[in-house]
Amino acid sequence: MTTTTTHARLETTERDERKRKRAAIIKFSLAGAAVLGIGAAATSAGWTDDAWFGAGASAVDPDDAIDLRGAFVADGTPADGDFITADDAPGTGDDVVVIPAEVFADLTAGDSITVPVWIKNMGTSDLVIAPPTLETEGDLFEAGGATVTLGSAPTSLASGSAATSVDVTIALPDSADADVFGGTEGDVVIGFQGSIANRA
């Protein structure tokens with residue numbers, strides 16, 4: 001009995017010792033991993049490099065950048081001095097390009113008169129040009145009477161580019177009734193608008 005008990009105790013003692021060693025190794029390994037991680041974190045700056053960037057930004061001054069102007073001349077191409085800012089819609093101020101009344105005066109049935117109006121980008125930025133607006137008013141432009149059409153208009157104007165013309169045509173059809181349209185009058189308003197072209 002004593003031998004058996006002693007042998008059993010020895011086996012128990014050896015198993016416990018192996019467990020302690022195994023536990024110690026595991027704990028040491030984990031501790032070693034933790035220490036290694038701390039060491040890597042502490043020395044990581046030696047394995048990296050930085051590249052920093054700085055930039056300034058500004059917005060355009062619309063007073064200088066956007067300057068779409070208009071002109072009308074009886075003959076030829078207008079000079080730069082012929083262009084005005086034309087910022088007032090007709091009836092709201094004097095800053096408007098006026099086509100003289102005699103240009104489209106005394107229309108008769110079958111008449112068609114075409115003249116160019118001119119626009120020019122005199123600002124510092126390239127412009128996108130919106131489709132022009134066209135309004136008519138007065139008895140002359142009632143149904144069956146005179147019509148107004150615009151020629152091809154630019155969709156963009158680069159800063160410093162040459163002036164561009166757009167044809168304006170007023171026509172009184174052959175079928176216009178003299179008793180209805182004789183002696184009538186009307187007004188035409190054409191508008192162009194430019195905005196700064198976005199950079200890609």
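How do the residues of the lining of the largest pocket divide into nonpolar, polar and charged? Keep that in mind while stepping through this predicted model.

**Stop 1: the largest pocket.** Start with Val-97, Ile-99, Val-188, Val-189 and Ile-190, which are the closest to the centre of the largest pocket among the 46 residues that line it. The volume here is about 1400 Å³. By class, the lining comprises 28 nonpolar, 10 polar and 8 charged residues.

**Stop 2: the strands around it.** Next select strand 8 (187-191). This strand contributes 5 residues to the lining of the largest pocket, the most of any.

Stop 3: Select Ser-58, Ala-59, Val-60, Ser-125, Asp-126, Ile-196, Ala-197 and Arg-199, the residues that line the second largest pocket. Its volume is about 200 Å³, and its lining has 4 nonpolar, 2 polar and 2 charged residues.

**Stop 4: Asp-67.** Move to the loop between helix 2 (62-65) and strand 1, where Asp-67 lies. Is Asp-67 buried or exposed? Asp-67 counts as buried because its relative accessibility is 15%, and the cut-off for buried is under 20%. Show side chains: that of Asp-67 makes a polar contact with the side chain of Arg-69, at 3.0 Å. To see what else Asp-67 touches, leave out residues up to four places away in sequence and select Thr-85, Lys-120, Asn-121, Met-122 and Gly-123.

Conventions: Residues are numbered from 1 along each chain as its sequence is written. This is a predicted model: local features need pLDDT of at least 70, side-chain atom pairs count only at pLDDT 80 or more; totals for chains, interfaces and linings use all residues. Side-chain values use heavy atoms; hydrogens and water are left out. On a 1 Å grid over the protein atoms alone, a cavity is a set of points where a 1.4 Å probe fits but cannot get out, and a pocket is an open set with protein on both sides within 12 Å along at least five of seven lines; lining residues have an atom within 4 Å of a point. Grid points are joined across faces, edges and corners, and a volume is the space filled by probe spheres set on the points. Helices (H or I, at least four residues) and strands (E, at least two) are DSSP runs, numbered from the N terminus. Ala, Val, Leu, Ile, Met, Phe, Trp, Tyr, Cys and Pro count as nonpolar, Asp, Glu, Lys and Arg as charged, and the others, Gly among them, as polar. Buried means under 20% relative accessible area, exposed over 50%, partly exposed in between (1.4 Å probe, protein chains only). A polar contact is a pair of N or O atoms within 3.5 Å; within protein, one must be able to donate a hydrogen and the other to accept it, and residues adjacent in sequence count only if both atoms are side-chain atoms. Contact means heavy atoms within 4.5 Å.
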